[in-house]
Amino acid sequence: MVIRRQLRSHQQRLAGVVEAIARGETEARDILAAVTPGGGKSLLPVIAASRLVRARIVERVCWVVPRDSLRLQAEEAFADPLWREALGHSLSVRAADNTPDPSRGLAGYITTYQGIAAAPDLHLAEFRRHRTLLVVDEVHHLPALAEIDPVAAAQETEEDQASAWSRAILPLLECARVRLLLSGTLERADGKGILWLPYRKGPKARTREVELDAEGWAVVGYSRAQALAERAVLPVTFGALDGEASWRDEDGNELGPHRISGLYPDETTRPALFTALRTGFAEALLREAFLAIRDLRARRRRERGLAPGEAARGLGKLLVVAPDQVTARHYLEVVRRWIPAGQAEEVAQLATSDTPRAHEL
């Protein structure tokens, strides 16, 4: 028997906004969904597409993601049988490359920032051929262009890759019938604005903020506090551990000691700590964390009267962040050695970023 899933509060709000667009009750054509990571963002394009296609506001959906690894996840969101039954939709989309007719007769397609930048005319032709819902995932990766953003203009010397993505995607934003922009943050680390978002002056001098009540915009917010209250995400507890690292450079000069908790890092602190995370110190730290989460899960099992190995939610999970993919794979093998053989493959999993030099961002 298929159990109907319940929509979270932000998903219900988006459904309301889209219904208002479909009925002609609002002039909004831009929807910003600021959703905390893990809060169920991937269902929002399915909700928007299913209602807008049914109302004939749009004919196609184009979902743009920042990484190739996310294309299949987006495709699966539309194919999920439980959500197809719950939302009453029969739409299918495909993870497409830059071949002609990317939708191939389906309701739309998923591509990447890089894919659009490689063939902007192909995608723009699709938008001109069909009324399109454009979904831009993790839109904060796209900086506002220098000609419209003074902060970007002051920083720009030569157009970087992210700005090239913005330049390729901007015509699609201008041509789309409805735009759904998804993000877990409304700020960029470099201080530049985010492509397409409206801004106004902030409360302090030389500051600005996203104009959440701009004309033609609808905003759907979902904070971590809301997600925790609705049990959409698990609470996370961070234990504080410290460590000290010293090393020698290529000339034999000793650098350090550096402490993780040091208040005044200098130019050698970062490489020293990254070096430490590739040594036995990291494995010792990992072992401490592994034992702590194992003890926590055992205690919660006892409190709930659960048998060893019995599946249950809320027992606690261990998330390990590595400085690079090579080290991440090493950590994975280390952790698997500590897990019973029958559980190692299904318990210990690896997620990596294919963004170049991601650890520097």
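Reply: Gladly! Let's begin with a word we need: a residue is buried under 20% relative accessible area, exposed over 50% and partly exposed in between, using a 1.4 Å probe and protein chains only. This is a predicted model, where local features need pLDDT of at least 70, side-chain atom pairs count only at pLDDT 80 or more, and totals for chains, interfaces and linings use all residues. Residues are numbered from 1 along each chain as its sequence is written, and side-chain values use heavy atoms, with hydrogens and water left out.

Me: Is arginine 51 buried or exposed?
Reply: Arginine 51 is found in helix H2; helices (H or I, at least four residues) and strands (E, at least two) are DSSP runs, numbered from the N terminus. Contact means heavy atoms within 4.5 Å, and, leaving aside neighbours within four places in sequence, arginine 51 is in contact with Ala15, Val18, Glu19 and Leu87. Its relative accessibility is 16%, so arginine 51 counts as buried.

Me: How many Å apart are the end C-alpha atoms of helix H1?
Reply: The expected span of a helix is 1.5 Å times one less than its number of residues. Helix H1 (residues 9-22) has 14 residues and should therefore span 20 Å. The model agrees, since the distance between those end atoms is 20 Å.

Me: Which strands are included in what covers the buried residues of H1?
Reply: The buried residues of H1 include Leu14, Val17, Val18 and Ile21. Isoleucine 31 touches Leu14, Val17, Val18 and Ile21, among others, not counting residues up to four places away in sequence. Besides H2, the cover includes strands E1 (30-35), E6 (178-183) and E9 (217-222).

Me: What volume does the largest cavity have?
Reply: On a 1 Å grid over the protein atoms alone, a cavity is a set of points where a 1.4 Å probe fits but cannot get out, while a pocket is an open set with protein on both sides within 12 Å along at least five of seven lines; lining residues have an atom within 4 Å of a point. Grid points are joined across faces, edges and corners, and a volume is the space filled by probe spheres set on the points. The count comes to one cavity of 30 Å³ or more. The volume of the largest cavity is about 40 Å³.

Me: Which element gives the largest share of that cavity's lining?
Reply: Residues lining the largest cavity include Arg60, Val61, Cys62 and Glu126. Two or more lining residues come from each of strand E2 (60-65) and helix H6 (120-129). The largest share, three residues, comes from E2.

Me: Is tryptophan 196 buried or partly exposed?
Reply: Tryptophan 196 lies in the loop between E6 and strand E7 (199-201). Its phi is near 80°, a positive value in a residue other than glycine. At 25% relative accessibility, tryptophan 196 counts as partly exposed.
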